[in-house]
Amino acid sequence: VIKQCADGNWTITSVHSNLCLDADNWGKSEGTNIIQYYNNEQANQKFAIEEIESGYYKLTNVNSGLVLDVSN
């Protein structure tokens with residue numbers, strides 16, 4: 001479930017666990033740990049959703065400005 005926060009950003013919550021996507025230790029060199037944590041709308045749990053072209057979007061962490069990337 002994607003929910004809009006009061007500041008216009010978004011949180012991503014699991015339907016099954018009701019835990020929120022949280023990014024811990026955002027860093028360009030070490031990578032980032034993506035975990036599920038209780039939703040408290042902290043900066044690590046807020047993402048900006050931006051359309052990059054028709055039908056394609058990127059998720060940018062509000063705290064770090066880094067884009068969520070799926071690898072490995």
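Leaving aside neighbours within four places in sequence, Ile-49 is in contact with Ile-2, Trp-10, Tyr-57, Lys-58 and Leu-59, where contact denotes heavy atoms within 4.5 Å. The structure is a predicted model, in which local features need pLDDT of at least 70 and side-chain atom pairs count only at pLDDT 80 or more, whereas totals for chains, interfaces and linings use all residues. Residues are numbered from 1 along each chain as its sequence is written, and side-chain values rest on heavy atoms, with hydrogens and water left out.

Ile-49 is found in strand E5, strands being DSSP runs (E, at least two residues) numbered from the N terminus. Ile-2, for its part, is placed in strand E1 (residues 2-4). Between Ile-49 and Val-67, which are 18 residues apart in sequence, the C-alpha to C-alpha separation is 9.9 Å.

The count of salt bridges comes to one, under the rule that a side-chain nitrogen of Lys or Arg is within 4 Å of a carboxyl oxygen of Asp or Glu. This pairing joins the side chains of Lys-46 and Asp-7 at 2.9 Å, N to O. Because Lys-46 lies in the loop between strand E4 (33-37) and strand E5 (47-53) and Asp-7 in the loop between E1 and E2, the pair ties together parts that are 39 residues apart in sequence. Lys-46 is buried, with a relative accessible area of 14%, while Asp-7 is partly exposed at 44%.

A search of the whole structure finds zero disulfides, a disulfide being a pair of cysteine sulfur atoms within 2.5 Å. The cysteine sulfur closest to that of Cys-5 belongs to Cys-20 and is 7.6 Å away, which is too far for a bond. Both cysteines are buried, Cys-5 with a relative accessible area of 6% and Cys-20 with 0% relative accessibility.

Thr-13 is found in the loop between strand E2 (10-12) and strand E3 (20-24), and is buried, with a relative accessible area of 6%.

Definitions and conventions. Helices (H or I, at least four residues) and strands (E, at least two) are DSSP runs, numbered from the N terminus. Buried means under 20% relative accessible area, exposed over 50%, partly exposed in between (1.4 Å probe, protein chains only).
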